[in-house]
Structures are given as structure tokens and as C-alpha cells.
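Please read the following report alongside the sequence and the coordinates.

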Amino acid sequence: MEALFCSEIPNNNIRSSINDLSYSSSSSSSSYTWPMIMTSSSSLSHTIMETDNNIPRCDWDLSLSAVVSSASTGSDAIGTIEFDPTGEIIATGGIARKIRTYRLSSLLRSRDDHVTASESCICTPAKLSSLRWRPDLSGRVIGSGDYDGVVTEYDVEKQVPVFERDEHGGRRIGSMDYTLHNGSLIGASGSDDGTVQMWDPRNGGSLEEMVRPGGGAAVCSVEFDPFGGASLAVGCADRNAYVYDIRRLVDPLIVLDGHTKTVTYARFMDPHTIVTGSTDGSLKQWDINNGRRVVRTYRGHVNSRNFVGLSVWRHGGLVVSGSENNQVFVYDKRWEEPVWVCGLGQTDRFGSDRRFVSSVCLRQVDEDWCTLVAGGSDGVLEIFSGKRS
């Protein structure tokens, strides 16, 4: 099984039981016991905590809705999951060099315990680290960043490439994103070459701006402000996250300095709040209106080596992380402890305990219905959904 290793991180062996409820100080996260009932795919009932506002509780009746089994006999780790703008189409990519798309409504209606067929499958020349739907083309074109440092856009219906940009010197792209700002479409990609590059997808990918936020350290994550603002959040292997003004991509507006290891993800919860994830085993919520103030630090998941995914649900105020103990952790932005935890799958087809959750994604279009998709290092995709309790 091929793992999705973070840049500049020692490759120490991971040995974590998917059933453990607490971890010693020798683990990647601090010694901690979670104040809730743990769940598994076979038993998804959860306990809502007391209604005291100071006690963590889960406000959503999440349950397993569908499982998509891996059709591959080799490495098929899922490195990225993305919903299209309608929230109906799910796209996945990773080690298997394929972009697979699924229709959410079809998966939820399926009577099969384990679905294997995708709606479409696009073969790609390299392993994929990032996917993003182009916001100006109504879900018809999806962009990908790969391990060879190339950004490629694909027509999903025709399953053919329509654009390619190879400007990162063959170094892996950690993340890519798009934004529509003042009517202009802008793309951005961050790479192991230490650069963040902004470019014009409508003009042959011509370079607009380039910056080295971590002094040459690998760039793991880039995300534009999804609310249409001029901010760009960047996570780097130098242990910092950065916030830039895309109108002047020179010096960062803010440096978010608080993690002790690689910052693998940086996500906007709202225009003034960013959530970062790190291989120090923590997530942090930052108030960027007040400089670099840490509002909250979330702990419970296990992460010291791999990309495990990070997603936020802006309507519901949830933060979701994968974990190296093959569990999905849901945090409410109000509390530091996880409010819902669920293990993926039943048995390890590799006959070991090496599986981990490698990607997560929350559907953004609903306000009263939560849909969470989690992908594993074994290529299995699981969909959880539920209404507000």
C-alpha cells in the first residue's frame, strides 16, 4: 500500500489501533480520552452529550449511507475528494492515477452494500494530489494537480484533457484552487518546489504572480477565500501558514505561527476565520481579523506522517479530519474535543493495521442536512449523512 506522505517528515512506522479510545504521550497526539461514545461502520448510533453549552455535543444524526469499494488490486489510496458546485457529483483522485466521479443521489439510492462502478473514470498520467472544479464552467471541467508538478484540466463529460500547465519543475503539486475575483478567473498551485504560483486559466495559464512563502519549504496547501474576498491561505512545511492578498502577492499579510510540524492544510471557515491542520496532531482555528490569534486548538485525531484530509462545513460550523488510526473525527468549531468519531471499514484487506483515512470532504450546499465523504488509504469511499438532531 502506498501512503500519501507529507514533505520533509520522517518516515517513522505508524502503529495505531483503530479501536483505541486513548493514546499515550508517545503517540502523535497528546494523552487524551474522548468524552463521547466512539462509533464504527457496523454501529453508528452516537450519544448526544448533555445540553450544557460548555459540554461538547454532536448536533447531527450521522449514519453510514453508502460504501464505494475499491476496484483496484494495487495501491488505490484516495488523496483528494471534491463535490462539484451543485453538490451532486463527487470526484476522487489519488495514487491510482484516475479521476473517478460519482452521482451522490445514485449512491444513496443503491441497494448494494458496496458499490464499485463510478459514473465516469478519467485516466491520468501521474498520481493525483489535488482536485478542484472550475467555478466558471458549471461543473463541466475539473482541474487536477499531480505528483509530476503539472496542473491539468479535464472535460469530465468527454473525459479528455483541455488544458495543461507544467511550471513547477517536475516537483509534486501539494494543492491547487480557483477563484472568481471581480469577474476574473484565477488559478493557484503550491508545490514541493517551494512556490505558490497564480495564473490565468483563460489565457493559456500565463503566470500572474509567484511567491516563496516558506523560504523554499514545500507548499502543501493553497485555498482562496471562498466568499469572494482577496485572501489566499497557504500551508507550508516550515510549520507556518500564511495569508496573502492576491492583489499584491509579495509579502504575507499574516503569518500563522503556532504549529510544531508541517502545516498540511489551511481552510477558510468564514472570511475572517481559518482552520489549519498539521502533522503535529492538531488543528487550529485562527481569527485573522485579530492578527494571528489562535481561537481554539482541536485534538483527538492521530496525524504525524500522512496527509489525512481536512474539510470544514461553513453552514454547520463543523471541522472534519481524517486520522492515521483509520477513523474520521468531527469537531464542532465551538469545542476543542471531537463530537463524533467513526472508524472506516471492517477488516484490513492488507492484513495489517496500516490503513488510515486519507481524505475527507463535507458537502457545502445544505444547511439542515450534513453529508460527509471519507476516503481511505485502501481506496474505499464511505458516505455519512444525517439531519440536525
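The report begins with the basis of the model and then turns to its pockets, strands and loops.

The model is predicted, so local features need pLDDT of at least 70 and side-chain atom pairs count only at pLDDT 80 or more, while totals for chains, interfaces and linings use all residues. Residues are numbered from 1 along each chain as its sequence is written, and side-chain values use heavy atoms, with hydrogens and water left out.

**The largest pocket**

Rolling a probe the size of a water molecule over the atoms shows where empty space is left. On a 1 Å grid over the protein atoms alone, a cavity is a set of points where a 1.4 Å probe fits but cannot get out, a pocket is an open set with protein on both sides within 12 Å along at least five of seven lines, and lining residues have an atom within 4 Å of a point. Grid points are joined across faces, edges and corners, and a volume is the space filled by probe spheres set on the points.

The largest pocket has a volume of about 1,100 Å³. Its lining comprises 48 residues, and those nearest the centre are Glu82, Arg132, Asp177, Glu223 and Arg314. The lining divides into 22 nonpolar, 16 polar and 10 charged residues, where Ala, Val, Leu, Ile, Met, Phe, Trp, Tyr, Cys and Pro count as nonpolar, Asp, Glu, Lys and Arg as charged, and the others, Gly among them, as polar. Among the strands (DSSP runs of E, at least two residues, numbered from the N terminus), β4 (78-83), β8 (128-133), β12 (173-181), β16 (219-224), β20 (263-270), β24 (310-313) and β28 (357-362) each supply at least two lining residues. β12 gives the most to this lining, with 6 residues.

The structure holds 2 cavities of 30 Å³ or more, and the second largest cavity has a volume of about 50 Å³. Its lining includes Asp76, Thr92, Lys98 and Arg100, and the elements that give two or more residues to it are β5 (89-94) and β6 (98-103). The largest share of this lining, 3 residues, comes from β5.

β5 and β6 also pair with each other, in the antiparallel sense and over 4 bridges; two strands count as paired if DSSP finds at least two bridges between them. Within this pair isoleucine 90 stands opposite tyrosine 102 in β6, and in the hairpin, which has 3 residues between the strands, arginine 97 takes a positive phi near 60°. β6 is in turn joined to β7 (residues 120-123) by 4 antiparallel bridges, and lysine 98 has cysteine 123 in β7 as its bridge partner.

**Paired strands elsewhere**

| Strand pair | Bridges | Bridge partners |
|---|---|---|
| β14 (residues 196-200) and β15 (residues 206-211) | 5 bridges, antiparallel | aspartate 200 and serine 206 |
| β22 (residues 282-287) and β23 | 6 bridges, antiparallel | tryptophan 286 and valine 294 |

β14 and β15 form a hairpin with 5 residues between them, and glycine 204 in the turn has a positive phi of about 70°.

An open sheet of 4 strands has the order β20-β21-β22-β23, with antiparallel pairing. β20 and β23 (293-299) stand at the edges, each with a single partner strand, so one side of each is left without a neighbour in the sheet.

**Loop residues with positive phi**

Most residues other than glycine have a negative phi. Arginine 239, although not a glycine, has a positive phi of about 80°, and it lies in the loop between β17 (231-236) and β18 (240-245). Asparagine 326 likewise has a positive phi, near 65°, and is placed in the loop between β25 (318-321) and β26 (327-332).

Is each of these residues buried, exposed or partly exposed? Relative accessible area, with a 1.4 Å probe and protein chains only, is called buried under 20%, exposed over 50% and partly exposed in between. Arginine 239 counts as partly exposed because its relative accessibility is 47%, whereas asparagine 326, at 2%, counts as buried.
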